[in-house]
Amino acid sequence: MATTSFSKKTLGLEAAEPAATPPSGPTETSFIRKPKLGAARSRKKDIPEGLWTKCLKCATMIYDKELDENLKVCPHCGFHFQIGARERINALVETCSFEEMDAQMASVDALKFTGVSPYTERLDDYQRTTGLKDAVITGICRINSYRAALGVMDFSFLGGSMGSVVGEKLTRLIEAATNKGLALIIISSSGGARMYEGMFSLMQMAKTAAALAYHAKNRLPYISVLTHPTTAGVMASFASLGDLIIAEPGAMIGFAGPRVIKDTTQAELPPGFQTAEFLQAHGFIDAIVPRKEMRERLAYYLDFLLEGQRKLAALS
Ligand SMILES: [Zn+2]
């Protein structure tokens, strides 16, 4: 048909024309349409960034300042965007009450790991772009009238992965809580163990779990807060060991990803599988707490858990 030569010119594929042209008529039109769609999509990306964010759930455009003021929660549908560890700490603790621990602890490349790029290079990049030394911030804080040990993970640093620094900082935090007789709160957000550190990252699972056992032995409460996403080695260690396990709405929580589980079990997964709501319905999570209520709910839980502890102490 006459249309073929016309459409080829618009695509700018002159060099490939003779070999790429199939002999029959009808298939040619579908071949031509595909690149046109791609070109239209790339033009859409030119919308200036930095002032507005599109909600990933309801697709509403939200003014960034409004989003920040709302603790990175969509004001229209309540979708919880990821939030940095520092922002989260500021929103949770009493002003100026956070005393950070091990702020300068940073990872070393013990295995001389080189993947797509060397581990040391990746660490430098993330430290520069996030302003963090690693994927967790730990310290002692005050929430309402309670002093508590608080650890907050940050997904923006290498996917919140747990390497030796995350494990060591959390272990020291748990031990400090045990020694000072404080309640412990860990807010998780992680893709799991850090592959760049191989076995060293897996050892952190046992180390944190052991420190938590001592903390529990001292009858001190531990509240684990799961945020989107909390998976793999972190979920399989300290994140699932809370006396109270709470989660943010819509958080993805699990060990392996749904695709891996589907391929392994060869079974259809139920709707909502691995969401906070699904896990609450099945008894794994005690409560789902929206981010804006987190501070007062944590204070309420601490009040409840420590009251029980005080009564037990009075009885014994
Ligand atoms: Zn929304």
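How many residues has helix H7, and what does it reach from its first C-alpha to its last? Select residues 164–180 and see: H7 has 17 residues and reaches 24 Å, close to the 24 Å expected at 1.5 Å a residue. Keep in mind throughout that this is a predicted model.

**Stop 1: helix H7**

Stay on H7 and show its side chains. Its buried residues are Val165, Val166, Gly167, Lys169, Leu170, Thr171, Leu173, Ile174, Ala176, Ala177 and Thr178.

Step past the end of the helix to Gly181. Gly181 follows H7 and has a positive phi, near 70 degrees.

**Stop 2: the whole chain**

Zoom out. The chain holds twelve helices and ten strands. Of its 316 residues, 40% are buried. Take the contacts with a separation of 6 or more: 66% of them are between residues 24 or more positions apart.

**Stop 3: helix H6**

Select residues 119–130. Helix H6 has twelve residues, which should span 16 Å at 1.5 Å a residue. The C-alpha atoms at its ends are 16 Å apart, in agreement. Next comes Gly131. This glycine follows H6, and its phi is positive, near 75 degrees.

Phe113, Tyr119 and Tyr196 form one aromatic cluster.

**Stop 4: the zinc ion**

Which atoms are they? They are the SG atoms of Cys55, Cys58, Cys74 and Cys77, lying 2.2 to 2.3 Å from the ion. Along the chain, the donors follow the spacing C-x2-C-x15-C-x2-C.

Cys55 and Cys77 link distant parts of the chain, 22 residues apart. Cys55 sits in the loop between strand S1 (52–54) and strand S2 (61–63). Cys77 sits in the loop between helix H4 (64–69) and helix H5 (85–92).

The four donor atoms make angles of 107 to 112 degrees, and the site is tetrahedral. For comparison, the ideal angle for four tetrahedral donors is 109.5 degrees.

Now colour by accessibility. Is Cys55 buried or exposed? Cys55 counts as buried, at 3% relative accessibility. Cys77 counts as partly exposed, at 28%. The cut-off explains the two labels: buried means under 20%.

**Stop 5: Phe79 and Phe81**

Move on to Phe79 and Phe81. The count of aromatic pairs in this model comes to seven. Phe79 and Phe81 form an aromatic pair that is edge-to-face. Their rings are 5.0 Å apart centre to centre, with 90 degrees between the planes. Phe79 is partly exposed, at 24% relative accessibility. Phe81 is buried, with a relative accessible area of 11%.

**Stop 6: Gln274**

Go to the loop between helix H10 (258–265) and helix H11 (276–281). Gln274 is found there. It is buried, with a relative accessible area of 5%.

What lies 2.8 Å from a polar atom of the Gln274 side chain? It is the backbone oxygen of Ala256. Show the surroundings too. Leaving out residues up to four places away in sequence, Gln274 touches Ala251, Met252, Ile253, Gly254, Phe255, Ala256, Gly257, Pro258 and Ile261.

**Stop 7: Ala276**

Step into helix H11 and select Ala276, which has its place there. Ala276 is buried, with a relative accessible area of 0%. Outside four places in sequence, Ala276 touches Ala247, Glu248, Gly250, Ala251, Ile253, Ile285 and Ile288.

Draw a C-alpha to C-alpha distance from Ala276 to His228. It reads 8.9 Å, although the two are 48 residues apart in sequence.

**Stop 8: Asp303**

End in helix H12 (residues 294–315), where Asp303 is found. At 38% relative accessibility, Asp303 counts as partly exposed. Draw the link to Tyr146: a polar contact of 2.3 Å joins the side chains of Asp303 and Tyr146.

Asp303 and Ser145 are 158 residues apart in sequence and 9.2 Å apart in space, C-alpha to C-alpha.

Note on methods. Residues numbered from 1 in each chain as written. Predicted model: local features only at pLDDT ≥ 70, side-chain atom pairs only at ≥ 80, totals over all residues. Heavy atoms only, no water. Donors = N, O, S within 2.8 Å, 3.2 Å for Na, K, Ca; no water. Tetrahedral: all angles 85-135°; square planar, octahedral: opposite > 155°, others 65-115°. Helix = DSSP H or I, 4+ residues; strand = E, 2+ residues; numbered from the N terminus. Buried < 20%, exposed > 50% of the residue type's maximum accessible area, 1.4 Å probe, protein only. Phe/Tyr/Trp six-rings, centres within 6.5 Å; stacked < 30°, edge-to-face > 60°. Polar contact = N/O pair within 3.5 Å; in protein donor to acceptor, adjacent residues only side chain to side chain. Contact = heavy atoms within 4.5 Å. Expected span 1.5 Å × (residues − 1).
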